[in-house]
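Subject: A structure for you to explore

Hi there,

Here is the structure I promised to pass on to you. Have a look around first, and then read on for what turned up in it.

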Amino acid sequence: MSELLLKLSNLNVGFSEDLVQDVSLEVRSGEIIAVLGQSGIGKTTLIRTIAGLVQPRQGSVELNLPEHGGLGYIPQRLGLVRHASVYHNVNLGARASLPWFKGSREERARRVTSAIAAMGLEEKTREPIRRLSGGQLRRVATARALAQQPTLLLADEFLSELDHTTVDVVVDAVKTLTDEGHSLVMVEHHEENVEMIATRIWLIENQQLIDMTIDEWRKKMEEEE
Amino acid sequence: MRRGFLFAIGVLLLTAFIILNDLVDDWGRLSGGMENLSVFIQESMWPPNWSVLEAQSYPVCENKIEFFCSVGYIGMMETIKIAFVATILGFIGALCLSSFAAKNLMPMRIAFPFRTLLSATRSLPSLIWAIIFVIVIGFGPLAGVLAMTFYTIGYLGKLQYETYEGMPSDSLEVSKAMGLSHPAIFTSVVIPETGNHLLSQLMFMFEYNVRHGTVIGIVGAGGIGYYINTYLKLLQYDKVLALLILIFVVVILIDLLSLMLRSFVTDEGDVRRPKWLSFLMKLRKGDESTK
């Protein structure tokens, strides 16, 4: 039986008014959930609420994760430290799950090096973030998440701006994580990416979140066409 | 937007003038003021007396270069040493306190007491701190160092926590969501992201402390201020002017040093790091273009 990682109970999210209402859902280990919906409908706010960055307007978010580095987050703007190197940024992920009292420096270095290699950024290791292209920045943010190895990763459009080859590389890396029991909740716009990676869909429409399987979502798409 | 901005500036200027008018009871005092100043400068200050850069008659100068035995050099070096030590100690103290005072790094219930502590430290001017430490430990540079250190903590602390609060929130949010500890967030995210501002503030504070060395020296806390105070008492204003020009030159040099240091942490530093010579040549080119 897969482990319960996230439980949303009667959750309303938004700022001055509700964007999404009455969400009661669970996420278990190994799941990859794509959050879909039109722009401005509340996908990012939902992710930020789960990450604890926005207070829920009602209801609760329960996380069942390890104390250190259990939750990973890749926001739309990536949240990289601009005035630091690729290594420094990826190392933040390793430090989150392996703080100084929990893991050795060598162990963190191994994780960082292998995450950078998985994203094909070896030659950019010491490069300052501000010198990288948009696609390279997304790969650094993904490498940070790989180095952290979070039990639950929240990602907001982390596959956009990537070419097809790089999408394949990133998806393979993330699938390696989910095969080990980690989970991913991702906001995504591109249907082909959703098809490639997701195991479940959360579709936001008219302030409601509809939980569906990939087949149900395909069927709905066909009906709408 | 532009019209609104000009309107806001106009309103602020008018408000300032109304308040000034309320403060000044007799505008007639202004008449003849510039003339008095001109007479004072021409008769008492000008030209500057550069003998302050020559060796003092006592103690006997043992250095081959006379300048190193001069009042200007000895006083300035003591002021720079006091300012340097106080700025470094104050900067480190301020970093520790300001990381707890920023409301985007700490909840307000923790940030507020630290902000209050920094306000309390800042509310006493360095001159008052100097008087306090002169009373506590007597005349000399140590009183100056302690006075400036305390004032630096309060002053830099405020600048620092306001800088943290103004930094882009996304890298902070990611670090918090990932569960990084407060020291890890501060050292690995906040300091790299605000490094340029922190360095600029550090250099500004060093410059400020050098300038302020003249003031705290007056109450006996060491440095060039001691000599300025002596010359003021002896009505040797031409020597005072020479020492003030010396301070001005040192301030300019600190500004150039700041420009060089900050180029290591700005985007511009990637492309082109300013050289001393190129900077001075740029100044000269600028002069020509304005002619």
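Let's begin with one pair of strands in chain A: strand S3 (residues 32-36) and S8(A) run parallel and are joined by four bridges. To find one of those spots on screen, pick A:Val35, whose bridge partner in S8(A) is A:Trp202. Please keep in mind as you look that this is a predicted model.

**The six-stranded sheet**

Which sheet does this pair belong to? It is an open sheet of six strands in chain A, in the order S5-S6-S7-S3-S8-S9, and its pairing is mixed. S5 and S9 of chain A are the edge strands, each pairing on one side only. From one strand to the next, the twist averages 15°.

At the S9 end, strand S8 (residues 200-205) and strand S9 (residues 208-213) of chain A run antiparallel, with six bridges between them. A:Arg200, for instance, has A:Thr213 as its bridge partner in S9(A). These two strands make a hairpin with two residues between them, and A:Asn206 in the turn has a positive phi of about 45°.

Towards the other end, helix H4 (residues 134-148) of chain A lies across S5 and S6 of chain A, and H4 runs at about 175° to S5(A).

As you click through these strands, one general point is handy: in a regular strand, side chains alternate between the two faces of the sheet.

**The three-stranded sheet**

Chain A also has an open sheet of three strands, ordered S2-S1-S4, with antiparallel pairing. Its edge strands are strand S2 (18-28) and strand S4 (58-63) of chain A. Ignoring direction, neighbouring strands in this sheet are turned by 15° against each other on average.

Seven bridges hold strand S1 (residues 4-14) of chain A and S2(A) together as an antiparallel pair. One place to look is A:Val13, which has A:Val20 as its bridge partner in S2(A). Helix H1 (residues 43-50) of chain A lies across S1, S2 and S4 of chain A, at about 125° to S1(A).

**Two domains in chain A**

How is chain A divided? The domain assignment gives domain 1 (1-65 + 152-225) and domain 2 (77-150). The C-alpha centres of these two domains of chain A are 24 Å apart.

Where the domains of chain A meet, 12 residues of domain 1 are in contact with 13 residues of domain 2. On the domain 1 side, strand S6 (152-156) and helix H5 (164-179) of chain A each supply at least two residues. H5(A) gives the most to that side, with five residues. That side of domain 1 is made up of eight nonpolar, two polar and two charged residues.

**A serine to look up**

A:Ser114 and A:Ala147 are 33 residues apart in sequence, yet their C-alpha atoms are 7.9 Å apart in space.

Chain B comes to 12 helices and zero strands. Of its 291 residues, 34% count as buried. Among the contacts in chain B with a separation of 6 or more, 67% are between residues 24 or more positions apart.

Between the chains, 27 residues of chain A are in contact with 19 residues of chain B. Strand S5 (71-74) and helix H2 (86-97) of chain A are the elements that give two or more residues to the chain A side. The largest share of that side, five residues, comes from H2(A). By type, the chain A side divides into 12 nonpolar, 10 polar and five charged residues.

In soluble globular proteins, nonpolar side chains tend to be buried together. Here, the largest nonpolar core has 124 residues, and those with the most contacts inside it include A:Val35, A:Ala143 and B:Leu243. Helix H6 (residues 141-166) of chain B provides the largest share of this core, with 12 residues.

To finish, zoom in on A:Ala143: leaving aside its neighbours within four places in sequence, its contacts include A:Val90, A:Ala115 and A:Leu121.

Happy exploring!

Conventions
Residues are numbered from 1 along each chain as its sequence is written. Chains are lettered from A and ligands numbered from 1 in the order in which they are written. This is a predicted model: local features need pLDDT of at least 70, side-chain atom pairs count only at pLDDT 80 or more; totals for chains, interfaces and linings use all residues. Domain bounds come from an automatic or database domain assignment. Two residues are in contact if their C-beta atoms, placed from the backbone, lie within 7 Å. Ala, Val, Leu, Ile, Met, Phe, Trp, Tyr, Cys and Pro count as nonpolar, Asp, Glu, Lys and Arg as charged, and the others, Gly among them, as polar. Two strands pair if DSSP finds at least two bridges between them. Axes are lines fitted to C-alpha atoms, for helices over the stretch in contact, and angles run from 0 to 180 degrees between N-to-C directions. A nonpolar core is a set of buried Ala, Val, Leu, Ile, Met, Phe, Trp, Tyr and Cys residues joined through C-beta atoms within 7 Å. A residue is buried if 20 or more other C-beta atoms lie within 10 Å of its own, exposed if 12 or fewer, and partly exposed in between; C-beta atoms are placed from the backbone.
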